[in-house]
Structures are given as structure tokens and as C-alpha cells.
Number of protein chains: 4
Amino acid sequence: MLAEFTIFPIGKDVSLSKYVARSLKLIDESGLPYRINPMGTVVEGSWDDIMELIKKCHMAILEDTERVSTSVKIDDRKGITNALDSKIKSVEEKVGRELRK
Amino acid sequence: MLAEFTIFPIGKDVSLSKYVARSLKLIDESGLPYRINPMGTVVEGSWDDIMELIKKCHMAILEDTERVSTSVKIDDRKGITNALDSKIKSVEEKVGRELRK
Amino acid sequence: MLAEFTIFPIGKDVSLSKYVARSLKLIDESGLPYRINPMGTVVEGSWDDIMELIKKCHMAILEDTERVSTSVKIDDRKGITNALDSKIKSVEEKVGRELRK
Amino acid sequence: MLAEFTIFPIGKDVSLSKYVARSLKLIDESGLPYRINPMGTVVEGSWDDIMELIKKCHMAILEDTERVSTSVKIDDRKGITNALDSKIKSVEEKVGRELRK
């Protein structure tokens with residue numbers, strides 16, 4: 001299962017990088033494979049492992065803020081493993097060249 | 001905490017209402033307060049209660065389909081209860097009239 | 001075509017109702033049919049009409065704020081009109097009773 | 001302005017890579033800077049340029065399918081250019097090392 005998520009406080013700083021960095025520490029410690037992009041982080045794993053991680057990040061950001069916005073987009077396809085790399089490879093094959101990640 | 005979610009199979013039927021109906025049964029049984037809209041369902045509750053429910057719905061749709069797309073948008077604001085109604089009321093007060101739900 | 005959208009400033013107020021109210025004025029003036037819910041607004045119309053409206057709302061919120069987050073979810077199904085009501089009706093028929101909106 | 005978007009048909013193939021490849025051709029031709037990730041594509045540009053591109057991709061996928069789901073997440077911050085790279089760099093500085101993209 002792949003999940004992309006984005007977590008940030010509302011009504012706090014305009015710059016969000018310190019909150020993203022705090023989440024990234026927890027993501028890294030989780031041991032789940034992940035890729036970051038300019039709008040969120042994509043992780044791969046089981047439902048329970050991913051949701052435990054997202055809860056941890058959400059609660060960490062909520063600790064010293066009043067309101068937190070979290071969005072999660074899940075793509076769950078049976079029998080697929082290593083989707084983090086294989087989805088992009090499959091598109092690159094069809095496009096006929098490497099794409100900028 | 002409020003969460004809006006949408007769950008549907010990819011590569012199966014064009015019409016999705018039977019899958020939405022299946023989710024709605026589980027949402028109803030959960031006892032959590034909810035409102036449906038043309039693009040998803042909004043529920044109110046704790047992180048654990050809401051995520052257990054969304055997992056149940058996701059797994060039910062995945063049972064007889066191959067790929068499922070699930071998106072969740074969370075709005076978590078400290079010290080707020082009954083946000084399901086109070087958020088809209090607060091906007092209606094500022095707009096000065098009732099709005100179509 | 002149906003589109004649900006949510007627009008709010010980042011790094012400004014914790015309460016967002018005044019920004020939602022500002023958007024709602026523009027939505028109302030657009031003449032497009034819409035329904036509000038606790039997490040966003042769903043409108044029905046053509047791609048161009050809907051996107052012109054969302055741009056107007058986004059730019060209005062950006063006027064006196066530094067950073068704006070806007071999300072749009074589109075459901076475009078050929079040959080369907082009045083989806084704003086018919087999607088929910090179709091689910092209610094399958095569930096066998098009226099649902100809370 | 002940054003926008004991440006995802007476009008796919010509902011009720012058609014389980015595999016979506018050929019649709020993603022079709023969008024990528026149009027994204028490439030647009031000349032806008034972009035990065036792909038396993039869950040979507042992030043582009044940088046003005047509101048009008050980005051929305052014209054997303055419309056083009058959406059309409060291309062709709063051509064030979066019956067129903068299309070499109071989601072767009074916008075992050076618009078005043079006075080920021082080259083956000084495609086600078087957002088990740090700013091997080092990497094705070095984390096203290098390079099992150100997997």
C-alpha cells in the first residue's frame with residue numbers, strides 16, 4: 001500500500017519547513033521506505049504501520065499548535081510490492097525515457 | 001476531530017453508489033456522527049475511532065476489487081466539539097443567512 | 001462536472017470562518033449550484049465556470065494573506081447532469097433510507 | 001505557485017500507467033518545470049498556465065473513458081520562486097542531510 005501525506009499547522013507560521021522536518025524524523029525512525037516531494041511524503045507499508053506513523057506525526061505537530069490539517073491519499077493495489085519505485089518505472093517505460101523526480 | 005473521506009475502487013464499475021452504500025452501512029454502525037455530501041462523508045470523533053472506521057470501509061471495498069483509492073482530509077482543532085454543525089453555523093453567521101447543505 | 005474545493009490561508013488566523021464566508025459570497029454570486037459541508041464546498045458546472053470561480057476565491061483570500069492552500073477534487077462523468085442531488089439520491093436508494101446531509 | 005495533481009479514469013483499467021504517460025507528454029510539452037512522484041506530479045508556474053495544463057490532461061483522459069477523477073493541491077506563497085527545489089532544500093537543511101526523492 002502507498003500513502004502520500006501532508007501535515008501542517010493552521011494559524012501558526014507561514015514557513016512550514018520546521019514542521020516537515022519534525023515529521024521527517026519520525027518517518028525516518030519508522031523504518032518504512034519513503035520518498036519526499038515538494039508537496040508531501042509518500043510511504044509504503046501495511047495499513048497499520050502507515051497509519052501509526054501518520055498519527056505519530058500528526059500528534060507531534062499538534063503538540064505546540066492549536067489546529068492541524070492532515071491529508072492522506074492511499075493507493076492500495078493487491079499483489080503489488082515495491083510500488084514506490086515500480087509505479088514510476090512503469091510510466092518511464094511507456095514515456096520512453098527517465099523522468100525528473 | 002473532523003475527517004472527510006472518500007473510498008472507491010479503480011478499474012471496476014463506472015457507477016460507485018453501491019460501494020458508497022456499503023461504506024455507509026459501516027459508518028452508520030460505528031455510531032460516530034456523520035454527514036454525507038456529493039463528494040464524500042464527514043465524520044467527527046477521536047483519531048482512533050475515525051481511523052478504525054475508515055480502515056473497515058477500505059478493507060470492505062478491497063474485498064472484491066483489485067485496487068482501491070482512499071483519501072482522507074483531517075481538521076483537528078483543540079478544544080472544539082460538535083464541529084460538524086458549529087463550523088457551518090459560524091460561516092452562516094458571518095454570511096448572514098442559512099446556506100444550502 | 002462536480003468539484004469540491006477548500007481554500008484557506010496558512011500562517012494567519014486559527015479560525016477560518018471569515019475566509020470561508022468571503023469565498024461563499026463569490027460562490028453565491030457565480031450563480032453555480034452548490035452545497036457547503038463542514039470540510040468544503042461542492043459546486044456543479046463546466047470546467048471553465050468552476051475554475052474561474054475557484055481562481056476568484058483563491059485570489060481573494062491571497063489578497064491580505066501571505067500563503068494560501070487550495071485543494072480541488074473533481075468528479076467528471078459523461079452524460080450526468082444534476083449530480084449534486086442525484087449522487088446522494090442514488091446512494092440513499094441503495095441504503096434504503098434518507099441520510100443526514 | 002506549486003500544484004500537485006493526479007488524474008485517472010474510474011471504471012476502466014486497473015493499471016493506470018498508460019494514462020499517466022499520456023498526461024506526462026502534455027506536461028512535458030507545456031514547458032513548465034515539474035517533478036513526478038509515485039502519487040502525482042508537482043508543477044510550478046502561474047495559476048493560468050497550471051490550470052490550462054491540468055485541463056488539457058483531464059480532457060485527454062476523458063476522451064476515451066466515461067468518468068475521470070482529478071485532484072489538485074495548490075500551495076501559493078507570495079514572493080517565492082523555484083519552490084520546486086527550495087522547499088525540499090529548506091527541509092534538508094533542518095534535518096541536516098539529503099533526503100530520498
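Predicted model: local features only at pLDDT ≥ 70, side-chain atom pairs only at ≥ 80, totals over all residues.
**View 1. Strand pairing of E4(A) with E4(B).** Strand E4 (residues 67-77) of chain A and E4(B) are joined by eleven bridges in the antiparallel sense. Ser69(A) stands opposite Asp75(B) in E4(B), and Ile74(A) has Thr70(B) as its bridge partner in E4(B).

**View 2. The open sheet formed by strands of chains A and B.** Eight strands make up this sheet, in the order E2(A)-E3(A)-E1(A)-E4(A)-E4(B)-E1(B)-E3(B)-E2(B), and their pairing is antiparallel. Strand E2 (34-37) of chain A and strand E2 (34-37) of chain B are the edge strands, each pairing on one side only. From one strand to the next, the twist averages 15°.

**View 3. Helices H2(A) and H1(B) on the sheet.** H2(A) lies across strand E1 (2-9), strand E3 (40-44) and E4 of chain A, together with E4 of chain B. The direction of H2(A) runs at about 10° to E1(A). Helix H1 (residues 17-30) of chain B also packs on the sheet, where H1(B) touches strand E1 (2-9), E2 and strand E3 (40-44) of chain B. The direction of H1(B) makes about 140° with that of E1(B).

**View 4. Crossing of helices H1(A) and H2(A).** The axes of helix H1 (residues 17-30) and helix H2 (residues 47-63) of chain A come within 9 Å and cross at roughly 150°. H1(A) and H2(A) are therefore roughly antiparallel to each other, and their crossing is right-handed. On H1(A), the residues that take part are Tyr19(A), Arg22(A), Ser23(A), Leu26(A), Ile27(A) and Ser30(A). They meet Leu53(A), Lys56(A), Cys57(A), Ala60(A) and Ile61(A) of H2(A). By class, the contact of H1(A) with H2(A) holds seven nonpolar, two polar and two charged residues.

**View 5. Contact between chain A and chain D.** Here 27 residues of chain A are in contact with 27 residues of chain D. E1, H1, E2, E4 and helix H3 (83-95) of chain A each supply at least two residues of the side of chain A that touches chain D. The largest share of that side, eight residues, comes from H3(A). The residues of the side of chain A that touches chain D divide into 15 nonpolar, three polar and nine charged.

**View 6. Symmetry relation of chain A and chain D.** The same surface serves both copies, since 100% of the contact residues of chain A recur in chain D.

Conventions
Residues numbered from 1 in each chain as written. Chains lettered and ligands numbered in written order. Pairing = 2+ DSSP bridges. Helix = DSSP H or I, 4+ residues; strand = E, 2+ residues; numbered from the N terminus. Axes fitted to C-alpha atoms, helices over the stretch in contact; angles between N-to-C directions. Parallel < 35°, antiparallel > 145°, perpendicular 65-115°, else oblique. Left-handed = near helix turned anticlockwise from the far one by under 90°. Contact = placed C-beta atoms within 7 Å. Nonpolar A, V, L, I, M, F, W, Y, C, P; charged D, E, K, R; others polar. Least-squares fit on C-alpha atoms with pLDDT ≥ 70 in both.
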